[in-house]
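Visitor: I would like to learn how to read a structure like this one. Please take me through it feature by feature.

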Protein chains: 2
Amino acid sequence: MNSFVMEGTFVFTPKKDEFVIREDSFIVVMNNKVVGIFDEVPSEYSSLKIINNKGNIIIPGLIDLHVHASQYKFRGSGMDLELLDWLNTYTFPEESKFKDASYAKKIYSAFVDELKLGPTTRACMFATLHKDATLILMDLLEASGLESYVGKINMDRNSPDYLVETTQQSLNETRNWILEALKRNYKNTKCILTPRFTPSCSDELMSGLKEIQDDYGIPLQSHLSENKKEIEWVKELEPWADNYGEAYNQFGLMGDCPKTIMAHCVSCPEDEVSLLKEKGVYVAHSPESNINISSGIAPIRKYLDKGLNVGLSTDMSGGSSPSMFRAIQFSIQASKLYWRLVDKSYSSLSTSEAFYLATKGGGSFFGKVGSFEEGFEFDAVVIDDSTIPFSSEFSVLNRVEKVIYLADNSNIKEKYVNGRSVL
Amino acid sequence: MNSFVMEGTFVFTPKKDEFVIREDSFIVVMNNKVVGIFDEVPSEYSSLKIINNKGNIIIPGLIDLHVHASQYKFRGSGMDLELLDWLNTYTFPEESKFKDASYAKKIYSAFVDELKLGPTTRACMFATLHKDATLILMDLLEASGLESYVGKINMDRNSPDYLVETTQQSLNETRNWILEALKRNYKNTKCILTPRFTPSCSDELMSGLKEIQDDYGIPLQSHLSENKKEIEWVKELEPWADNYGEAYNQFGLMGDCPKTIMAHCVSCPEDEVSLLKEKGVYVAHSPESNINISSGIAPIRKYLDKGLNVGLSTDMSGGSSPSMFRAIQFSIQASKLYWRLVDKSYSSLSTSEAFYLATKGGGSFFGKVGSFEEGFEFDAVVIDDSTIPFSSEFSVLNRVEKVIYLADNSNIKEKYVNGRSVL
């Protein structure tokens with residue numbers, strides 16, 4: 001349990017519509033949690049250590065709600081295909097290599113190293129279908145100090161013979177994986193059920209995963225309505241489901257307790273949007289990936305207007321960058337094109353709204369996370385923007401905007417996850 | 001005049017449809033120009049110095065056909081408005097500061113320093129309406145070794161009183177600027193006429209600029225059909241012009257001798273596209289800027305199909321990044337969304353096509369530039385991609401793709417402009 005005071009300029013979004021800026025102030029953290037932000041250190045906290053980040057901008061840690069750790073190696077390449085061809089050509093062959101533990105360790109180590117150096121403090125990620133490799137990733141994440149949910153993928157149909165399980169294998173390995181993870185007694189690393197997507201998972205597998213969920217009470221992540229060809233395929237595979245979302249919901253896998261994350265939601269019909277709302281499902285908005293794989297742009301303004309839970313994600317390696325700074329940038333840019341090219345009734349995202357999605361929006365999946373309000377777990381990124389030319393001549397808000405568009409990992413001076421220093 | 005041999009892996013696009021890759025080869029450069037690429041050094045060139053860049057990828061220098069040097073300071077901020085409001089709120093107040101020579105020197109120095117460290121070897125840029133500041137920029141560019149066209153902006157109407165000239169002032173200052181630039185005898189830095197855009201330039205000013213063009217034979221750059229409100233405004237201002245392009249053409253300012261660059265061309269009607277083709281005008285495609293200022297996406301596939309001259313540009317600070325790597329990335333991404341959201345008959349740009357636009361496409365504005373074919377001026381960027389994780393395990397083409405998406409200036413090991421080493 002960590003308690004301290006930090007001096008600096010704090011920027012956060014308790015509500016999505018505006019930034020709260022506390023310039024040259026002091027945040028008090030007691031037992032990993034925010035007590036408050038003060039102009040001066042209150043006398044009752046005067047004995048606490050003061051961490052001096054005066055002049056730096058301090059933002060809540062960024063939350064990546066959807067990222068494929070196993071796709072790290074080929075990120076930034078193979079961007080010429082749509083989803084289903086992209087999976088078969090680039091993704092599945094790469095993922096199959098993770099049956100080799102030494103390969104898994106090599107790639108996952110590099111990925112976790114990069115994640116640690118970046119602005120992400122928490123992430124929900126896909127591994128591969130391989131239990132042992134998934135545990136290697138979890139060991140590395142636990143050692144990194146980051147907080148994460150990690151999923152061993154399930155896939156028992158419509159998959160290449162070099163990357164597929166039988167239904168029973170898939171269920172057994174999932175139970176074994178959960179038991180082994182529990183045995184390892186991770187503090188910051190949790191299991192999340194991960195049926196790849198409906199095309200890869202038989203009805204029997206889905207039913208079995210629901211039983212596992214009931215037994216262990218763990219959340220679930222998957223993909224939903226990313227690409228038109230995928231949606232058509234799901235209609236063929238699950239003709240009795242009114243929509244793609246129902247293809248999960250019919251097995252009880254769209255819920256708010258335990259929570260559910262559905263990545264993408266680019267092309268959801270209205271009844272599916274209503275289902276997402278009703279079930280409290282988290283939409284993991286992956287704007288760069290949706291562009292790179294030619295899926296389109298998710299109508300995030302609509303989802304916000306309807307009160308859906310929305311977080312932001314890189315979806316590396318559909319997205320080329322694992323940086324959540326870039327994800328914020330792309331979310332704003334994609335929303336501008338949605339307004340211009342698709343529907344003028346949906347205004348583009350403001351900077352504060354995009355920032356909110358990347359912090360408190362996705363953070364709420366983890367609890368009281370993603371803000372500097374009282375009682376929130378202290379996740380923070382301390383930014384030294386002095387290498388961004390002329391930044392010192394701008395307002396704090398303009399500096400934050402410049403960080404979103406121009407900063408890279410070299411601008412990150414310190415990082416804290418739930419009160420722990422991790423950099 | 002420089003002559004040498006360079007060893008390395010050469011990647012370029014003589015035609016837009018495919019990369020030519022010459023792995024572990026030797027390029028012979030005689031008197032700044034490419035002689036050819038060989039598997040071994042031919043005996044007649046064996047006395048030349050060999051520059052060893054074995055293992056590195058060497059690409060033609062990237063050509064930024066449209067960038068606002070004076071907007072460098074606020075790049076990555078103020079992204080919340082459309083064009084006309086953006087100009088009035090952010091751009092014009094900033095540009096007005098360049099009447100102060102010391103301010104101009106401070107900002108332009110930082111901009112040229114960054115340009116020099118990046119992959120751009122040549123650029124066509126806007127300064128401000130201030131003659132002296134424009135000459136400061138030209139001095140700095142000349143010293144950098146880069147090749148450039150630089151424009152003192154003209155604006156005599158619909159401009160704020162702190163950033164406007166009378167028609168006569170504008171014409172006189174333009175002539176004085178050209179004469180002074182000629183006197184300074186720059187080797188790599190040229191004047192380009194730069195009426196800001198039709199709304200800022202009276203008919204009398206446009207006519208006067210044509211006279212100057214006839215007197216000195218210098219090319220011209222401006223903006224065309226970027227934003228819908230701007231296009232409507234031009235219709236009001238120039239009701240006798242059939243389209244925005246004709247508002248320039250009626251004064252003889254859309255030509256191929258001297259050449260013309262028109263930035264953006266997001267929303268050109270068919271007769272305007274025909275005019276661009278007929279006159280051999282260069283379209284400076286600025287995908288990130290067109291997204292950031294909510295203008296939309298230019299139909300580049302259509303322009304390529306019709307055989308227009310198209311180059312790529314950052315349009316910083318409508319674009320946040322002065323990196324042409326990012327401009328290539330955005331051109332591919334924007335074309336995918338155009339295909340998905342606007343018109344399925346226009347396929348997205350391939351990696352080689354986007355690369356071509358950034359090299360030979362824009363390079364032809366400067367002459368035989370942007371390729372490693374025989375007789376081309378040797379502009380080259382030597383890339384050390386060893387810091388991009390696992391890049392050594394990929395094919396050359398995948399490495400180039402990773403460079404486009406993931407490289408930054410730290411990956412640039414050497415840079416050559418017309419045979420000169422500039423880094």
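Visitor: At what angle do helix 2 and helix 3 of chain A pack?
Guide: An axis is a line fitted to C-alpha atoms, for helices over the stretch in contact, and angles run from 0 to 180 degrees between N-to-C directions. Helices (H or I, at least four residues) and strands (E, at least two) are DSSP runs, numbered from the N terminus. Here helix 2 (residues 101-117) of chain A packs on helix 3 of chain A at about 30°, and the axes are 9 Å apart. That makes helix 2 of chain A roughly parallel to helix 3 of chain A. Angles under 35 degrees count as roughly parallel, over 145 as roughly antiparallel, 65 to 115 as roughly perpendicular and the rest as oblique.

Visitor: What kind of model is this?
Guide: It is a predicted model, in which local features need pLDDT of at least 70 and side-chain atom pairs count only at pLDDT 80 or more, while totals for chains, interfaces and linings use all residues. Residues are numbered from 1 along each chain as its sequence is written, chains are lettered from A and ligands numbered from 1 in the order in which they are written, and side-chain values use heavy atoms, with hydrogens and water left out.

Visitor: Is the crossing of helix 2 and helix 3 of chain A left-handed or right-handed?
Guide: A crossing is left-handed if the near helix is turned anticlockwise from the far one by less than a right angle, and right-handed if clockwise. Helix 2 of chain A crosses helix 3 of chain A in the right-handed sense.

Visitor: Which residues of helix 2 and helix 3 of chain A meet?
Guide: Contact means heavy atoms within 4.5 Å. Among the residues of helix 2 of chain A that meet helix 3 are A:A104, A:Y108 and A:V112, and their partners in helix 3 of chain A include A:I136, A:L137 and A:L140. By class, this contact of helix 2 with helix 3 of chain A has 10 nonpolar, 2 polar and 2 charged residues. Ala, Val, Leu, Ile, Met, Phe, Trp, Tyr, Cys and Pro count as nonpolar, Asp, Glu, Lys and Arg as charged, and the others, Gly among them, as polar.

Visitor: How do helix 3 and helix 4 of chain A pack?
Guide: Helix 3 (residues 131-144) and helix 4 (residues 167-184) of chain A pack at about 30°, with axes 10 Å apart. That makes helix 3 of chain A roughly parallel to helix 4 of chain A. Their crossing is right-handed. The contact is made by residues including A:L135 and A:M138 of helix 3 of chain A and A:W177 and A:E180 of helix 4 of chain A. The contact of helix 3 with helix 4 of chain A divides into 4 nonpolar, 2 polar and 5 charged residues.

Visitor: Which domains does chain A have?
Guide: Domain bounds come from an automatic or database domain assignment. For chain A the assignment gives domain 1 (4-61 + 371-421) and domain 2 (62-363). The centres of domain 1 and domain 2 of chain A, taken over C-alpha atoms, are 29 Å apart. In chain A, 34 residues of domain 1 are in contact with 31 residues of domain 2.
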